Amino acid sequence: LGAKVGYWPEIRKEIQARFVELSTKGNLDLAEITQFEVELKKIRNELEGSPEEEVSSLERKIAAEENNRDTYIQECAVAKERLRKLGEDIQALDKMLDKVEKKNAQQQLANRRRNVVDEVIKATAKILELMDLKWRKSLESNIQKIFREISVKPYTPKLNPDYSIVLED
């Protein structure tokens, strides 16, 4: 049992590295979102200069934004699955730690390690939640702006939790 506790520093380093990787990915995603916003602003400027632009052109632009949304949804799903797997790994490690704690004199050290892992999980989950919220608001705003530009109907597009679009009166 004492030998198994020796692996905890390695596991902690792996989890920390994974956290850094997910944080970096999140920052890259935010940069990409910013880039899309800049591109969308350029498109709007072009539309202002050319009031007779065809609807099909606008529809292609909407389709491109929807593809970007779909890509983000897939990335979120992958990140959530990774988070779930990390949670399962942590649960398994917690069970093993509980057994070791009963028979090992290093109980305090093991508790501190578990607390660090729990904090990393909470921080990672919070980062994912914040990224999802920011992306959702940005995406909904962009969809509404584009819809207002191409539609004469008094509807407002809203995003559902599963990222599907619903028109509200």
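User: Which residues line the largest pocket?

Analyst: This is a predicted model, in which local features need pLDDT of at least 70, side-chain atom pairs count only at pLDDT 80 or more, and totals for chains, interfaces and linings use all residues. Residues are numbered from 1 along each chain as its sequence is written, and side-chain values use heavy atoms, with hydrogens and water left out. A pocket is, on a 1 Å grid over the protein atoms alone, an open set of points with protein on both sides within 12 Å along at least five of seven lines, and lining residues have an atom within 4 Å of a point. The lining consists of Ile62, Glu65, Glu66, Arg69, Leu139, Ile143, Ile146, Phe147, Ile150, Pro157, Ile165 and Leu167.

User: Which element gives the most residues to the lining of the largest pocket?

Analyst: Helices (H or I, at least four residues) and strands (E, at least two) are DSSP runs numbered from the N terminus. Two or more lining residues come from each of helix H3 (55–103), helix H4 (107–150) and strand E2 (165–168). The most, five residues, come from H4.

User: How do the residues of this pocket lining divide by class, and how much space lies in the largest pocket?

Analyst: Ala, Val, Leu, Ile, Met, Phe, Trp, Tyr, Cys and Pro count as nonpolar, Asp, Glu, Lys and Arg as charged, and the others, Gly among them, as polar. The lining of the largest pocket has nine nonpolar, no polar and three charged residues. With grid points joined across faces, edges and corners, a volume is the space filled by probe spheres set on the points. For the largest pocket this space is about 170 Å³.

User: What is the volume of the largest cavity?

Analyst: A cavity is a set of grid points where a 1.4 Å probe fits but cannot get out. The count comes to four cavities of 30 Å³ or more. The largest cavity has a volume of about 180 Å³.

User: Which elements give two or more residues to the lining of the largest cavity?

Analyst: Of the 16 residues that line the largest cavity, Leu22, Lys25, Ala79, Leu128 and Met131 are the closest to its centre. By class, this lining has nine nonpolar, three polar and four charged residues. The elements that give two or more residues to the lining of the largest cavity are helix H2 (8–49), H3 and H4.

User: In what order do the elements of the protein chain run from the N terminus on?

Analyst: The protein chain has four helices and two strands. From the N terminus on, the order is α-α-α-α-β-β.

User: Which parts does the aromatic pair tie together?

Analyst: Rings of Phe, Tyr and Trp (its six-membered ring) pair if their centres lie within 6.5 Å; planes under 30 degrees apart count as stacked, over 60 as edge-to-face and the rest as tilted. Tyr72 and Trp135 form a tilted pair, 4.5 Å centre to centre with 40° between the planes. Both Tyr72 and Trp135 are buried, a term that means under 20% relative accessible area, with exposed over 50% and partly exposed in between (1.4 Å probe, protein chains only). Because Tyr72 lies in helix H3 and Trp135 in helix H4, the pair ties together parts that are 63 residues apart in sequence.

User: What is the phi of Tyr163?

Analyst: Most residues other than glycine have a negative phi. Tyr163, in the loop between E1 and E2, is buried, with a relative accessible area of 6%. The charged end of Arg136 sits over the ring of Tyr163, 4.2 Å from its centre; the rule is that NZ of Lys or CZ of Arg is within 6 Å of the ring centre and within 35 degrees of the ring normal. Phi of Tyr163 has a positive value, near 70°.

User: Is Leu139 buried or exposed?

Analyst: Leu139 is found in helix H4. Its relative accessible area is 4%, so Leu139 is buried.
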